[in-house]
Amino acid sequence: MRDKVLGYLSAAPRVSTSPHAEASGPRAHVLGVIQAFERLGWQVERFIVGDRMRRDLANKKTEKMLTANPVQTFAADVARIVLGKRNARKAWEELGPRVNWVYERHAVLQSLGWIFKKHGIPWILETNGIFFEEAKKDRKAIVLDGIAREMEIKAYRDCDVLVAVSRPLKEQIVERLHIDPDKILVVPNGVDTHFYRPQEGESRDSDMFTVGFVGSILAWQGLDHLIRAVGELREEGIDVRVIIVGDGLVKAELEEMTREAGLADRITFTGRVPADEVPAWISRFDVGFSGQVDLKTQKMYHSPLKIYEYMSMAKPVVASAHDDARMLIEGKETGFLFRPGDVEDLKGALKRAISSRDRLPEMGRTAREEILNNHSWDARVRGMIEEIERILQANREKAVMSGQSR
């Protein structure tokens with residue numbers, strides 16, 4: 001491609017590249033993709049609605065506000081639909097024909113890329129989940145789920161290329177939503193290895209074995225299982241310290257669970273911290289924790305960003321054995337796997353990690369090397385660009401053949 005100009009689109013008001021963004025995981029993903037495109041020689045023009053929100057609005061606990069009552073949720077749904085159409089037109093006016101492709105992060109009840117597709121510009125749509133189900137059943141953040149479903153399926157069908165973050169997600173999109181598998185690329189999360197790197201003179205404030213977590217504190221992260229496991233290990237005479245960095249819908253519930261279990265002196269909740277402080281927190285961990293359990297609606301299909309971040313900082317991982325974790329850890333001496341949702345097996349993984357404490361630095365170096373070689377955002381996006389070009393070329397050839405057959 002001659003000019004290589006990408007339009008990056010995101011309609012979700014909570015998804016922002018600001019260091020103070022409420023949704024830290026999406027922020028890291030958006031910046032990872034954008035910066036990798038730029039390092040690979042592309043010019044990236046952004047239309048990110050969350051970056052255009054007033055800071056005092058963008059930082060409110062909007063998820064809790066949306067779920068406060070059905071009337072507020074309905075009003076928010078209608079606003080999403082109206083603003084989505086308005087923002088699509090505004091995105092076209094600002095970016096227009098200057099871009100070669102548009103790459104959009106999917107948002108519930110909103111879609112921007114269709115207007116570019118209408119003008120002949122390829123529309124690449126990225127999805128991190130079946131959003132209409134997650135928003136309705138796991139977060140209770142929408143009431144117009146029927147409309148959300150129709151809009152999401154239409155966007156998946158209309159886009160030129162659909163990027164899914166995991167193989168299980170692609171399978172569910174194909175089987176349940178009947179989307180053509182040939183247009184779907186599986187591109188797991190990556191990591192900015194320049195930002196997440198081992199730190200000189202790591203600052204530890206305790207010699208106790210420390211398990212750490214960074215991310216949104218949601219029910220499916222499995223932190224309740226970690227708290228139970230730590231409590232039971234303590235009864236067995238094994239002391240483990242836990243640092244939980246982040247905020248989310250179940251943080252207060254987990255804090256109460258910690259107090260009731262008498263573990264307030266062992267489990268620390270930091271709350272949300274600025275993005276540039278996250279590496280310093282990870283440097284205090286002996287191992288990182290990633291304990292996702294199945295969602296209420298279906299099996300876990302996410303690509304846990306935190307695993308890549310821990311490993312990029314040379315920290316071994318204690319992780320539930322879902323697809324990404326198995327790919328990164330199984331047989332590689334980079335961490336310890338346990339059966340998802342199984343507290344007893346989690347305890348076993350923690351015991352193995354504790355007994356391997358002398359080997360953890362070497363395991364961390366192996367983890368860092370695995371990330372550098374195979375899982376940086378640059379590697380992810382480079383491979384993704386090649387696959388997108390292949391699919392777009394196949395689409396052009398199909399269009400030519402279709403025209404000739406007429």
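Contact here means heavy atoms within 4.5 Å. The model is predicted. By that criterion, aspartate 378 touches Ala36, Arg39 and Leu40, leaving aside its neighbours within four places in sequence. Aspartate 378 lies in helix H16, which covers residues 377–405. Its relative accessibility is 18%, so aspartate 378 counts as buried, the cut-off being under 20%. The side chain of aspartate 378 also forms a polar contact of 2.8 Å with the side chain of arginine 39.

Helix H4 spans residues 70–95. Its 26 residues reach 36 Å from first C-alpha to last, close to the 38 Å expected at 1.5 Å a residue. The buried residues of H4 are Thr73, Ala76, Asp77, Arg80, Ile81, Gly84, Asn87, Ala88, Ala91, Trp92 and Leu95. An α-helix has 3.6 residues a turn, so residues three or four places apart point the same way. Just after H4 comes glycine 96, with a positive phi of about 45 degrees.

Two helix pairs were examined next. The axes of H9 (residues 223–235) and H10 (residues 251–260) come within 11 Å and cross at roughly 10 degrees. H9 is therefore roughly parallel to H10, as angles under 35 degrees count as such. On the H9 side, Leu223, Asp224, Ile227 and Arg228 make the contact. Leu254, Met257 and Thr258 supply the H10 side. The residues of this contact comprise four nonpolar, one polar and two charged.

The second pair is H12 (residues 305–312) with H15. These axes come within 7 Å and cross at roughly 120 degrees. Tyr308, Met311 and Ser312 of H12 meet Gly364, Ala367, Arg368, Glu370 and Ile371 of H15. Four nonpolar, two polar and two charged residues make up the contact of H12 with H15.

H14 runs over residues 343–355. At 1.5 Å a residue, its 13 residues should span 18 Å, and the end C-alpha atoms are 18 Å apart, so the two values agree. Buried in H14 are Val343, Asp345, Leu346, Lys347, Ala349, Leu350 and Ala353. At the start of H14, aspartate 342 places a side-chain oxygen within 3.1 Å of the backbone nitrogen of glutamate 344.

Notes:
Residues are numbered from 1 along each chain as its sequence is written. This is a predicted model: local features need pLDDT of at least 70, side-chain atom pairs count only at pLDDT 80 or more; totals for chains, interfaces and linings use all residues. Side-chain values use heavy atoms; hydrogens and water are left out. Axes are lines fitted to C-alpha atoms, for helices over the stretch in contact, and angles run from 0 to 180 degrees between N-to-C directions. Helices (H or I, at least four residues) and strands (E, at least two) are DSSP runs, numbered from the N terminus. Angles under 35 degrees count as roughly parallel, over 145 as roughly antiparallel, 65 to 115 as roughly perpendicular and the rest as oblique. Ala, Val, Leu, Ile, Met, Phe, Trp, Tyr, Cys and Pro count as nonpolar, Asp, Glu, Lys and Arg as charged, and the others, Gly among them, as polar. The expected span of a helix is 1.5 Å times one less than its number of residues. Buried means under 20% relative accessible area, exposed over 50%, partly exposed in between (1.4 Å probe, protein chains only). A polar contact is a pair of N or O atoms within 3.5 Å; within protein, one must be able to donate a hydrogen and the other to accept it, and residues adjacent in sequence count only if both atoms are side-chain atoms.
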